[in-house]
Structures are given as structure tokens and as C-alpha cells.
Amino acid sequence: MSDIVDRARDALKSVMDPEAGLNIVDLGLVYDIALEDGRLVALITFTTEACPVGPRLVEEAEQALAAVAGAVPFEIRVTFDPPWTPERITPDGRALLGQ
Amino acid sequence: MNRPANPAAASFLGGAKSRLLPASIPLRYFGGAVFFHLAFWLGVVWAAPEIPNFAIGPGRVLAVLHLLTLGVFAATAFGAAFQLLPVATKQPLRAEWPARLVAWLLFPGIVLFAVGIAETLHIPAALGGVLSAAGVMLAGVLLADNLARARGMASVVVHGWVAVASLFAIAALGFLLVVDQHHGILASRNGIGAAHAILAVYGFMGMLALGFSYVLVPMFGLAPAPSTRAALASFAFAAAGLALGVIGAVLAQPVILAAGAAAGLCAIALHLRLMAAAMQARMRKRLGPSFVLVRIAWACLPLSLILGALMALDLWPWRGPALFGALALLGWLLTFLLGMLQRIVPFLASMHASGPGRAPPLVSSLTAERPLEIHRYCHFAAVTGLIAGIAGDWPLVVQISGAAGAAGAAAFAWFFIGTLARMRRAP
């Protein structure tokens with residue numbers, strides 16, 4: 001079943017933060033993807049609690065997961081605990097940002 | 001499709017979606033600000049001979065000044081606050097129609113008021129004043145209602161409360177000044193005028209600028225959020241400085257005024273330290289030309305307070321009010337707002353160009369660099385030229401600076417209209 005988690009992570013890489021110009025996985029907004037009682041759960045955050053683009057990201061993440069989840073129920077949870085920090089950006093993301 | 005089952009997440013998401021206003025609401029205010037920005041610089045050309053020796057009172061300069069303060073500053077502040085405050089407070093606006101109505105009251109009111117006080121036409125001035133004040137008060141009520149229901153982001157909320165309180169005080173003092181013009185009811189007209197100006201510059205606009213910076217600067221720079229505790233400490237100094245400044249102005253007590261400026265400087269030192277830390281830790285190294293404007297604005301903010309303190313203590317020899325106005329209103333506020341608008345407008349356009357099954361276009365794809373480059377050079381030439389023209393009492397330099405500013409404002413309008421056109425064409 002870890003295959004579906006990998007596919008979910010790949011699918012979430014198609015969701016772009018329009019301000020950062022990075023996908024939400026490389027931006028470090030996806031805290032966790034796991035199967036809980038047969039349910040695919042993605043735990044995500046935004047760069048700030050007041051991020052106006054946050055709801056759009058969730059909508060797109062839902063669409064991305066729907067494409068790979070098949071019959072598996074899924075859920076997106078939003079958390080601000082812990083808050084996002086730039087250290088969460090992946091090496092690929094840093095490279096894209098010119099770090 | 002499955003929906004979030006977690007109650008907290010579902011509640012947050014439902015609220016967040018409803019907090020996104022229709023594009024027409026914030027963009028009408030930003031469009032109004034773009035229009036009045038151009039009108040302001042053309043007004044500088046028109047009123048140039050009177051600008052270097054300006055003292056508070058009706059006439060061309062005061063009219064041009066209100067094109068800037070109400071037309072550019074208040075309009076930008078309302079557009080940003082109506083869109084961003086509900087996101088920060090996690091509460092939707094109570095209703096959208098008042099946010100639309102404010103523009104219908106404010107914009108015609110500004111035009112009538114400016115024409116009335118420039119040409120000493122009492123009825124247009126009074127009608128424009130009433131319309132503008134009604135728009136400002138309605139905006140204040142709408143924002144206060146949202147702040148009263150706020151959940152979270154204390155650093156933004158406390159700044160918002162003082163900004164809204166200042167807004168009501170500005171309107172009340174402005175009304176007193178208008179009545180005094182005709183009936184002579186005030187013992188100290190200059191003191192009330194100074195308090196009105198302090199509340200407008202550092203109270204309403206200043207508090208909103210500081211508060212929203214704690215969200216916008218980290219967001220644009222991909223930086224960690226500044227410490228809330230440190231932001232609240234900066235706020236405490238800022239609020240104390242504002243109160244002292246207003247009391248000192250009303251009572252005509254230079255020492256209290258200077259103490260207010262000193263407290264304001266402490267607030268700014270803390271604020272800029274937090275901004276510098278965010279900038280240093282940011283992951284997006286290239287912030288673009290907009291942050292050149294923002295950095296220059298940050299430098300002008302403490303300079304304006306130092307000049308204000310020197311003026312209060314009678315240690316500044318000449319043309320204090322005009323120089324202070326140029327430094328605080330143009331060097332700091334206008335430069336800061338235009339820098340931020342260069343980021344906010346494409347960001348909003350990106351959000352509103354997306355829809356169900358349609359990803360938002362990248363913000364960078366909606367921004368035209370060429371007009372912003374032209375604007376930047378013209379803006380710097382205009383502001384430095386204006387300050388030099390005031391300092392040297394050279395009306396011709398002021399006039400040429402106004403023309404440069406108008407060219408820059410036209411370039412900014414080109415950027416704004418171009419961004420909206422790209423938003424509409426977005427695939």
C-alpha cells in the first residue's frame with residue numbers, strides 16, 4: 001500500500017504555489033502522507049496562516065489526490081502546528097529558488 | 001470527491017474559501033489608487049509654486065495632498081484590508097455590499113472635496129467632505145466588525161484596532177477642521193491639524209503598514225514569520241508614540257510630541273529589526289525591484305520621525321511641514337505602498353485567474369517588468385527632485401519633479417491595466 005502514498009506524493013507535486021513558483025511538496029508544505037484505517041490522509045500547511053492562496057492549494061491537492069486514490073477514500077488535513085519554516089524546502093526546491 | 005473529514009480542517013477550509021472576496025472589490029480600490037496617483041502628480045505640477053512654503057490651510061496644496069492621502073493611501077489601504085484582514089482574522093466580512101459602497105462614496109467624494117478646497121467652493125468641498133467621511137466611516141465599521149470577531153494573528157489584529165480607531169479620529173478631527181474654517185470654533189487649529197496628520201500618517205496608514213508587513217514580507221520572501229512577542233513589543237511602542245504625538249499636538253507641547261517621536265523610533269527600530277531578520281532568512285533571494293522600493297521606504301520612515309521630532313523642538317530651521325510631508329508621505333508611505341502593490345496586484349490576479357479545475361497562473365507570468373522599471377526611475381527622480389525643490393524653494397524643480405512623477409504614475413497604470421488584461425487572458 002506504500003505505493004499509493006508514493007503516487008500521492010508525486011501527484012501533489014503537480015500542485016504549484018503560484019507566488020513561490022514551486023510545487024507544494026518541494027516547498028515543504030506537505031508534512032505527511034499516510035494511510036490511516038484504509039484512508040489516505042495528507043497533512044499539509046501553508047507558508048503563513050494568512051496565506052490567501054491556501055484554499056486554492058487545498059482544492060488543487062484534492063483534485064490531484066482524486067486522480068490517484070481510485071477507490072481509496074482520502075482526506076486533506078490542514079495544520080499550522082508546527083508552523084512552516086523555510087528549512088522545510090527540499091533540496092530540489094532550494095535549487096529551483098537559486099540556493 | 002471525498003471532503004475533509006477532520007472537523008477543524010473542514011471548518012477552517014470552509015471559512016477560508018468564503019474569505020476570498022470577488023476580484024472586483026479589492027481591484028476597484030487599487031484601480032482608484034492608480035487613478036489618484038496620476039492625479040496627484042499632475043496636481044503637484046499644477047500647485048508647484050505654492051508647495052515649498054506650504055502651511056496647513058485650504059488651497060491647491062491641501063487639495064493635492066488629499067488626492068494622495070484619501071485617493072491613493074486610503075484607497076490602497078481599504079483594498080488591501082478588505083481582502084487581507086479577513087484572511088488574517090479567519091473571519092469573513094459581514095457583507096460584501098458595504099465594501100462596494102465605500103468606493104462609491106469615497107471616490108466621488110475625493111474629487112468634489114479636492115476641487116472644492118482648491119477653488120474655495122464651499123458646497124462641493126462640504127459635499128465631498130461628507131461623502132468621503134461617510135465612506136471612511138463605513139470602511140471603519142466594516143473593519144472593526146471583522147476585528148471584533150478575529151481568531152488568531154494577534155500582531156495583525158492589534159495593529160488593525162489602532163488603525164481603525166485612528167480612522168474614526170481622523171474623520172472626526174477633519175470634520176472639526178472643516179467646521180472651524182467657516183465658524184472659527186477651535187482654539188488651536190494648528191494643533192488639531194497636526195493631530196489629524198499624525199493620526200493619518202502614523203495611526204491609520206502606519207499601523208496597517210506595520211501590521212500587514214508581518215504577513216506580506218515573509219510571504220513574498222519565503223521567510224519564517226517574525227516572532228509575535230517581538231511584533232507586539234514594537235506595537236506597544238508604536239501605540240504609545242502615536243498617543244503621545246496626538247496629545248502633544250493637541251496641547252501644543254513640544255516635549256510630549258518629541259517623546260512620541262522617540263517612542264515611534266523605538267517601535268520602528270524593533271519592526272525593522274524583525275523585517276531585516278526575515279529578509280536575511282528568506283529563501284527567495286531575488287525579490288525583484290519591488291523590494292528596492294520597500295527598502296528605501298523603510299529608510300525614510302525613521303528619518304521622517306527624526307525630522308518630526310526636530311520640528312517639534314524647533315530645531316529645524318526651514319520649510320519643515322513641506323519637507324516632512326515629502327519624506328513621510330512620498331519617501332515612506334507612497335514608496336512602500338507602490339512596492340507592495342507591485343506584488344499584491346499580480347498575486348490577486350493569479351488567485352482570481354484560477355477556478356475549478358484550473359490552476360492559478362504563476363504570479364511572475366502576470367507581471368510586466370518594463371513599466372515597473374520606468375515607474376521606478378521616474379518615482380525616485382520625482383521624490384528626490386521634490387524634496388530638493390522644497391528644500392531650495394525652487395518651484396520649477398518641484399514642477400519638473402511632478403512631471404516625472406506623473407510619467408511614473410502613467411507607467412504604473414500601464415502595469416496595473418496590463419496585469420488585469422493578463423488575468424482575463426489566463427488559460
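Trainee: In which helix of chain B does B:H196 lie?

Mentor: This is a predicted model, where local features need pLDDT of at least 70, side-chain atom pairs count only at pLDDT 80 or more, and totals for chains, interfaces and linings use all residues. Residues are numbered from 1 along each chain as its sequence is written. Helices are DSSP runs of H or I, at least four residues, numbered from the N terminus. B:H196 lies within residues 189–221, which form helix α7.

Trainee: Is B:H196 buried or exposed?

Mentor: Buried means under 20% relative accessible area and exposed over 50%, with partly exposed in between (1.4 Å probe, protein chains only). B:H196 has 17% relative accessibility, so this residue counts as buried.

Trainee: Which element gives the most to the lining of the largest cavity?

Mentor: A cavity is a set of points on a 1 Å grid over the protein atoms alone where a 1.4 Å probe fits but cannot get out; lining residues have an atom within 4 Å of a point. The largest cavity holds about 170 Å³ of space, a volume being the space filled by probe spheres set on grid points joined across faces, edges and corners. Elements giving two or more residues to its lining are α3 (60–89), α7 and α11 (320–353) of chain B. With 6 residues, the most comes from α7(B).

Trainee: How many salt bridges does the rule find across the interface of chain B and chain A?

Mentor: A salt bridge is a side-chain nitrogen of Lys or Arg within 4 Å of a carboxyl oxygen of Asp or Glu. A:E19 and B:R284 meet in one, at 2.9 Å, N to O. Across the interface, the number of salt bridges found is 3.

Note on methods: Chains are lettered from A and ligands numbered from 1 in the order in which they are written. Side-chain values use heavy atoms; hydrogens and water are left out. On a 1 Å grid over the protein atoms alone, a cavity is a set of points where a 1.4 Å probe fits but cannot get out, and a pocket is an open set with protein on both sides within 12 Å along at least five of seven lines; lining residues have an atom within 4 Å of a point.
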